[in-house]
Amino acid sequence: MKPLDHSRIPDASGSSAPIISVAGLSKTYASGFQALRRIDLEIRRGEIFALLGPNGAGKTTLISIICGIVNPSTGTVTADGHDIIRDYRPARTKIGLVPQELTTDAFETVWATVNFSRGLFGKPANPAYIESILKDLSLWEKKDTKIMALSGGMKRRVMIAKALSHEPNILFLDEPTAGVDVELRRDMWNMVRKLRENGVTIILTTHYIEEAEEMADRIGVINKGEIVLVEDKHVLMQKLGKKQLTLHLQSPLTALPSGLQSESLQLSPDGTELVYTFDTQSDETGIATLLRRLNEHGIDFKDLRTSESSLEDIFVSLVRGRS
Amino acid sequence: MNIYGIKAIYLFEMERTWRTLMQSIASPVLSTSLYFIVFGSAIGSRMANIDGVSYGAFIVPGLIMLSLLTESISNASFGIYMPKFTGTIYEILSAPISAVETVIGYVGAAATKSVIIGTIILVTARLFVDFSIQHPVWMVAFLLLTAITFSLFGFIIGVWADSFQKLQVIPLMIVTPLAFLGGSFYSINMLPPFWQKIALLNPVVYLVSGFRWSFYGVSDVDVGISLGMTFLFMLICLAAVWWIFRTGYKIKA
């Protein structure tokens, strides 16, 4: 897993104004369910922003409001400086959406449906451009196939092609890799990277946290309709990340010697491993002390490794902490 | 104005028409031909002329209206119901297209289709009976006005319906009876005086009467009133559509 090079994030306009600005956004559905509670969020131009949250946290509602599918109860949203309600035409022209559900027509051909989308978004026909999208998404051979004859993965590609058909500079991907095979997932992330290089801002939601960890520049966590945290991915990992030192023991222990007992030191159930958890932020990790004391107790180890907690661990602890 | 958007919806809907050519055009033509054979030739040959028009010719405008009404409603209601049903409406809602433009696309396509069917039935009718059209301009005007009005009405039904059953219930339970009782097959002057008054509450009476006037110059009700009532019904439908998009009724949470 290669870390992203942050110096390459393009800033097409040269301005630092956010491309999407959400202020005081709330949504209460007719059923009385409050899906969003006063959300404030800014998406930076040209970034890949990952929105994480458990099922029912409000991710799709938030995206649906920004894209014009759901009416907000209170609050405002601007997309590239245009209010999404007062100024909906320029705002929506900038936005492409790949929704979570595979909702496509059945009897249309791939070519017809993608061209339909482009027209719907007010753009004159451009067969050469549509051809290039279909080729990028490995759909070109299927262009005359009816959508109902396509596999789920192919349908997903069609939905992406539709979302890109009007050349948006903001792209929403709502759970784009749910139920998608490895190959398509890889293609999709290559495409996302390519889009970002061309200055497209990408906002995605995902359940595969490792994807957010790999792809995103910044991460927002939403839970119960509230933004819990928005942070640069690396800062987040550093700030909340814990490291673990695992020692493989020469000979198994039945219990920790009383002198070594501490909250941060755990013996594995089979007694062959000691796991020491420490905070990367503190100056004193305590590793030296631990090793010295192990030595004092005559505990030898044959190997050791350290591991960083993943975004998933961080996410789980955040969401659990709030609920 | 998002002209490309209107065009995209319109062509998408027309594409559906061509794709389902057999059921969209062949079946109304077939059923109308049956009406002509049964009512026009078999029964009509034993009927007296009505207002100086032979019975076979008399029912031509009514039959065209009958198809125009049912086709307009079913085309338009199906056109907007399907994206709601499959979920593809997300794309319409997220597109930079206004409510007016969306309605022009859907209703325009539905009305176009029913005008095509109306014209085909008119031509088919000519094979069975002899008739003349005294006011062709008014005939076209009534044809278009009715197609647009009832396509709007169909659009409303399509938005309102949340199941295939509901999609069928209004055309079946309300529109078909109104159309049959609207004087397609008889002059309402043939009814007893009391039922004549009741019949005047039926909007279809004005459509059929006005349309028949454009053929033969005779009508049950004054042609101006016919035109006025058709416009009134169109305004009611337009107001309902405006309200639907204003409130997001059943299309936008």
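I count a residue as buried if 20 or more other C-beta atoms lie within 10 Å of its own, as exposed if 12 or fewer do, and as partly exposed in between. I also keep in mind that this is a predicted model.

**Entry: two residues with positive phi, chain A**

I looked up Glu175(A) and found a positive phi of about 50°, although Glu175(A) is not a glycine. It sits in the loop between strand S7 (170-174) and helix H6 (182-197) of chain A. I counted 18 other C-beta atoms within 10 Å of Glu175(A), so this residue is partly exposed.

I then turned to Asp80(A). Its phi is also positive, about 50°, and Asp80(A) is not a glycine. The loop that holds Asp80(A) runs between strand S4 (74-79) and strand S5 (82-83) of chain A. Is Asp80(A) buried or exposed? With 20 other C-beta atoms within 10 Å, Asp80(A) is buried.

**Entry: chain A as a whole**

I noted 10 helices and 14 strands in chain A. The C-alpha trace of chain A spans about 80 × 45 × 45 Å along its principal axes. Of the 323 residues in chain A, 37% are buried. I also looked at contacts in chain A with a separation of 6 or more: 71% of them join residues 24 or more positions apart.

**Entry: Gly220(A)**

I picked Gly220(A), which is part of strand S9 (residues 218-223) of chain A. Gly220(A) has 25 C-beta neighbours inside 10 Å and therefore counts as buried. Which residues does Gly220(A) contact, leaving aside its neighbours within four places in sequence? I listed Leu41(A), Phe49(A), Leu51(A), Ile227(A), Leu229(A) and Val230(A).

**Entry: helix H9 of chain A**

I went through helix H9 (residues 287-296) of chain A and found it hardly covered, with 0 buried residues among its 10. After H9(A) comes Gly298(A), with a positive phi near 70°.

**Entry: where chain A touches chain B**

I found 26 residues from chain A and 21 residues from chain B in the contact. On the side of chain A, helix H2 (88-93) and helix H3 (110-120) are the elements that give two or more residues. That side has 12 nonpolar, 8 polar and 6 charged residues.

**Entry: records for chain B**

Residues 103-125 of chain B are 100% helix and 0% strand, with end C-alpha atoms 32 Å apart. Residues 224-245 of chain B are 100% helix and 0% strand, and their end C-alpha atoms are 32 Å apart.

**Entry: helix H3 of chain B and its partners**

I started with helix H2 (residues 21-43) of chain B and H3(B), which pack at an angle of about 155° with their axes 11 Å apart. Angles over 145 degrees count as roughly antiparallel, so H2(B) and H3(B) are roughly antiparallel to each other. The crossing of H2(B) and H3(B) is right-handed. In H2(B) I noted Pro28(B), Thr32(B), Tyr35(B), Phe39(B), Gly40(B) and Ser41(B), and these meet Gly56(B), Ile59(B), Leu63(B), Ser67(B) and Glu71(B) of H3(B). By class, this contact has 5 nonpolar, 5 polar and 1 charged residues.

I next took H3 (residues 55-86) of chain B with helix H7 (residues 164-180) of chain B: their axes come within 11 Å and cross at roughly 165°. That angle makes H3(B) roughly antiparallel to H7(B). The crossing of H3(B) and H7(B) is right-handed. From H3(B), the contact takes Leu66(B), Leu69(B), Thr70(B), Ile73(B), Ser74(B), Ser77(B) and Tyr81(B), and from H7(B) it takes Leu167(B), Pro171(B), Val175(B) and Ala179(B). How many charged residues are in the contact of H3(B) with H7(B)? I found no charged residues there, with 8 nonpolar and 3 polar ones.

Notes:
Residues are numbered from 1 along each chain as its sequence is written. Chains are lettered from A and ligands numbered from 1 in the order in which they are written. This is a predicted model: local features need pLDDT of at least 70, side-chain atom pairs count only at pLDDT 80 or more; totals for chains, interfaces and linings use all residues. Axes are lines fitted to C-alpha atoms, for helices over the stretch in contact, and angles run from 0 to 180 degrees between N-to-C directions. Helices (H or I, at least four residues) and strands (E, at least two) are DSSP runs, numbered from the N terminus. Angles under 35 degrees count as roughly parallel, over 145 as roughly antiparallel, 65 to 115 as roughly perpendicular and the rest as oblique. A crossing is left-handed if the near helix is turned anticlockwise from the far one by less than a right angle, and right-handed if clockwise. Two residues are in contact if their C-beta atoms, placed from the backbone, lie within 7 Å. Ala, Val, Leu, Ile, Met, Phe, Trp, Tyr, Cys and Pro count as nonpolar, Asp, Glu, Lys and Arg as charged, and the others, Gly among them, as polar.
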